[in-house]
Amino acid sequence: MSPNLTLTQIKTIKAELLDLLEHLREEVKGELADQHGERGLISSAGTHDLGDEALADLDASINIANISRHLQEIRECQAALHRLETGDYGFCSDCGEQIELNRLKANPISTRCLACQSHEEHQHPEVRYASL
């Protein structure tokens, strides 16, 4: 069982994760629809200039980056749900200690305790992690 979490807390966290997962999936669908719509607008525009193409390419790049970020968050949600099922949820992936309940409430996909997350951010400042 997860550390110091009551059954009610586990159910609440699971519901939050499932809600987040659904929200992220909807975001991906929206981004994909936007991507498809932009491509259709450009190809049907007939005459367009290089500025329009550059703007469309920029929008497409932003959409792709958003989709990639959302897909990573989906994987993190699925991993957190798996940890909940296996009883590994709430333990730091680096030191094995319990992750503080307030941290889990703020960011239910957390895999590190605050100390290990801070250490990771200082060791690898070029990589941006959520530090909630």
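Colleague: Which residues does Ile13 touch, not counting residues up to four places away in sequence?

Modeller: In this predicted model, Ile13 is among the residues with the most contacts inside the largest nonpolar core. Once residues up to four places away in sequence are set aside, its partners are Leu5, Leu84, Tyr89 and Pro108.

Colleague: Which elements give two or more residues to the largest nonpolar core?

Modeller: That core has 20 residues, and Ile13, Leu17, Cys77, Leu84 and Tyr89 have the most contacts inside it. The elements that contribute two or more residues to this core are α1 (7-44) and α2 (50-86).

Colleague: How many disulfides does the count come to?

Modeller: A disulfide requires cysteine sulfur atoms within 2.5 Å. The closest cysteine sulfur to that of Cys113 belongs to Cys116, at 3.6 Å, and is therefore too far for a bond. The count of disulfides comes to zero.

Colleague: Do Cys113 and Cys116 count as buried or exposed?

Modeller: The cut-off for a buried residue is under 20% relative accessible area. Cys113 has 7% relative accessibility and so falls in that class. With 14% relative accessibility, Cys116 also counts as buried.

Colleague: What accessible area do Leu55, Leu58 and Ile62 have together?

Modeller: Ile62 lies in helix α2. At 42% relative accessibility, Ile62 counts as partly exposed. With Leu55 and Leu58, Ile62 forms a nonpolar patch on the surface, and together the accessible area of these residues is about 280 Å².

Note on methods. Residues numbered from 1 in each chain as written. Predicted model: local features only at pLDDT ≥ 70, side-chain atom pairs only at ≥ 80, totals over all residues. Heavy atoms only, no water. Core = buried A, V, L, I, M, F, W, Y, C linked by side-chain atoms within 4.5 Å. Buried < 20%, exposed > 50% of the residue type's maximum accessible area, 1.4 Å probe, protein only. Helix = DSSP H or I, 4+ residues; strand = E, 2+ residues; numbered from the N terminus. Contact = heavy atoms within 4.5 Å. Patch = residues over 30% accessible without salt bridge, like charges linked within 9 Å, V, L, I, M, F, W, Y side chains within 5 Å. Areas by Shrake-Rupley, 256 points an atom, 1.4 Å probe, with all protein chains shown as cover. Salt bridge = Lys/Arg side-chain N within 4 Å of Asp/Glu carboxyl O.
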